[in-house]
Amino acid sequence: MTTERDPNSDIDIEALARRYAEEREKRLRGDAVSQYQHLEGKFATFDADPNAVPDLVRDAVIREVDVLVIGGGYGGLLTAIQLRKRGVGTISIIEKGADFGGTWYWNRYPGIRCDVESYIYLPLLEETGFVPSERYARGEEIYTQCRLLAEKFDLYRDALFQTLAESLIWDEKNRRWTVTTNRGDRIEARFVVSATGLYSSPKLPGIPGIETFEGPSFHTSRWDYGFTGGSADGDLVGLHGKTVGIIGTGSTGIQCVPPVARAAAHLYLFQRTPASVDVRGNRPTDVEWYRAQPPGWQRERMMNFTQWTSGLPQAVDMVSDSMTDLFREKAVSSGMEMTPEQREAAEILKMERVRQRIDSIVENKETAAALKPYFHYFCKRPGFSDNYLQVFNRSNVTLVDTAGQGVEKVTPRGLVVGGREYALDCIIYATGFDFMTSYTRESGLTVKGRGGVSLDERWKDGVHTLFGMQTRGFPNFFVLTIVQAGTSINYLHTADAQSIYMADLIAHCMSNGIETVEPTQEAEQQWVDLCVSLSADRHAFFEKCTPSYFNFEGKRPREFELNSPFGGGPLAYFEYLEQMSANGFAEKLEFH
Ligand code: N01
């Protein structure tokens, strides 16, 4: 951290650095990522899908297809759509939920919205004519768009819902993947694309006694409207007269807290680390403006946002919101790409404003102090809300700050913090998802490639891929993830580029009579080496950060050494992929 005083402020940078380090220290725990519990074993009931068709029974499907896509969220949808557009033969889609939507199928908690502008987040707006009703779309609208895309590109007939792919075994003789599911299906596929999502494996905090609580309790991605009443738009009449506890103040927590506060008799919000909560500034879409956009506007806008948020200033900031302003202010004054020092100074100033905003909204000084985040802006995913901080001025809301230690215990009656038991009628876990720890654990898949080698064995010393998508020894198999892939803050920009790459490559193989494709040993190793060399700065930054899923809770295990996004950033990554298509996939891949 620089020791210079920022000329634009009175911030004592050294004191702030000490405070950041102290706050981080408080939160570090020896069990790091293993502090969490997964929705399996005794917690499997937490995984029940409130929106599933109950007791669904169907005949097992025995089928041969050209491409099997696992996952019906945006990643899987975009891949299937790109394949359709290229006229690639037969497709099947396997999806755990009862419909398309992925994240937006599972997460229906009250207040849910996307924090990336809808005009760059929702894919294929120009092609589909879909008009998002607001600048930051409600979850339900995004879920609706997912289903409209599936209808428009005729994907329902190819989908198996409420189905879990369990094993993928490569059959060298037939040059096919054999995929089996929990419903007895057996699908032979030439190509398999695994798009099981970035936030698809919910986690519970490792607090002793979770299973002993006698009232209703659920994870936000399995919201129990049967108990709370109402909908994602609020009006949670089931909470009238009830005392509710919410654990978690990440992006999910800050969105679901206001509607719960409006309905419950009392809300206790249990905070371990305060979120940074910036201005949202949502507004209805100006339909006239929207319809006047020139052809190609959406891709241009997506690119403009990714350029700005990669620290690459452009003549205009098309999105111009709380996400881009950090880069805009400094970059405009310097007129060029931000230096690390400028970026750091901008982040410090940004967080100072976030803290000042709390003072200007929250009336109780003690509560305001407890809500202030002390970490670098990008240590955690920044939050945005124009109604979260206001909640703490209500008499029926209590912030229970755990001073970085978290909730101590769950009892049959409620939660314990600092030795005090808070009696509750309901506990809501806004405690997030597994992230970048283990692809096979998060996806629940057993994958065995050539020679029966499992992906876990192949990756026992860390993930090895070309572009984050392909692994040698696992022919015709693709993974959509951000590990070893360059990601934009707008993940759908990355998914868009990845789906185009995969569809181009699969179409290339199909039209040239190519049976198998995988990375050459050399290309894979070069990519891994490049990822390692470019991730040093990222790791150095995150090592100083307060614990979060971004930095494996402050302690990155050796086996996760390679589990990070491509450090060259999304723009360089997109160029790599585009070049591959442009030169006919002439390098880096081995074809048979
Ligand atoms: O999960 P999180 P999320 N005692 O992991 C707390 C995307 N998303 O679901 O910070 C008490 O961020 C934990 O505390 P701490 C987005 O990318 C987007 O909110 O670890 N508390 C934290 O506050 C996001 O990043 C949108 O100290 C405990 C919370 O649980 C990602 O999804 C909306 C605890 C978990 O926060 C995940 O966000 C929603 C304990 N023992 C999500 N253990 C939008 O687009 C954990 N916590 C708006």
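**Entry 1: salt bridges**

I began with the charged pairs and found 34 salt bridges in the structure. I note that this is a predicted model. Side chains of opposite charge can pair when their charged atoms come close.

Where in the chain do Asp 158 and Arg 84 sit? Asp 158 lies in the loop between helix H6 (139-152) and strand E4 (159-160). Arg 84 belongs to helix H2 (residues 74-85).

Next I looked up the domain assignment of the protein chain. Domain 1 takes in 17-35, 208-280 and 354-429. Domain 2 takes in 62-201 and 435-591. I read 32 Å between the C-alpha centres of domain 1 and domain 2. To their contact, domain 1 gives 32 residues and domain 2 gives 31 residues.

**Entry 2: where the domains meet**

The size of an interface is often given as the accessible area lost when the parts come together. Here the area buried between domain 1 and domain 2 is about 2,700 Å². Carbon and sulfur atoms give 55% of that area.

How many salt bridges run between domain 1 and domain 2? The count is two. I also looked at the side chains of Asp 233 and Arg 138, which meet in a salt bridge at 3.1 Å, N to O. For polar contacts across the interface of domain 1 and domain 2, I found 13 residue pairs, with both residues at pLDDT 80 or more.

Then I turned to the side of domain 1 that touches domain 2. Helix H1 (13-27) and helix H8 (251-263) are the elements that give two or more residues to this side. H8 supplies the largest share, five residues. By type, the residues on this side of domain 1 divide into 14 nonpolar, 10 polar and eight charged.

**Entry 3: a sheet of three strands**

Last, I followed an open sheet. Its three strands run in the order E15-E16-E17, with antiparallel pairing. Why is one side of E15 and of E17 left without a neighbour in the sheet? Strand E15 (409-410) and strand E17 (420-423) stand at the edges and each has a single partner strand, so one side of each stays without a neighbour.

I checked the pairing of strand E16 (residues 414-417) with E17, which is antiparallel over four bridges. Val 417 has Arg 420 in E17 as its bridge partner. Strands of a sheet pair through backbone hydrogen bonds, either parallel or antiparallel.

Key:
Residues are numbered from 1 along each chain as its sequence is written. This is a predicted model: local features need pLDDT of at least 70, side-chain atom pairs count only at pLDDT 80 or more; totals for chains, interfaces and linings use all residues. Side-chain values use heavy atoms; hydrogens and water are left out. Domain bounds come from an automatic or database domain assignment. Contact means heavy atoms within 4.5 Å. Buried area is the accessible area (1.4 Å probe) that two parts lose on being put together, summed over both. A salt bridge is a side-chain nitrogen of Lys or Arg within 4 Å of a carboxyl oxygen of Asp or Glu. A polar contact is a pair of N or O atoms within 3.5 Å; within protein, one must be able to donate a hydrogen and the other to accept it, and residues adjacent in sequence count only if both atoms are side-chain atoms. Ala, Val, Leu, Ile, Met, Phe, Trp, Tyr, Cys and Pro count as nonpolar, Asp, Glu, Lys and Arg as charged, and the others, Gly among them, as polar. Two strands pair if DSSP finds at least two bridges between them.
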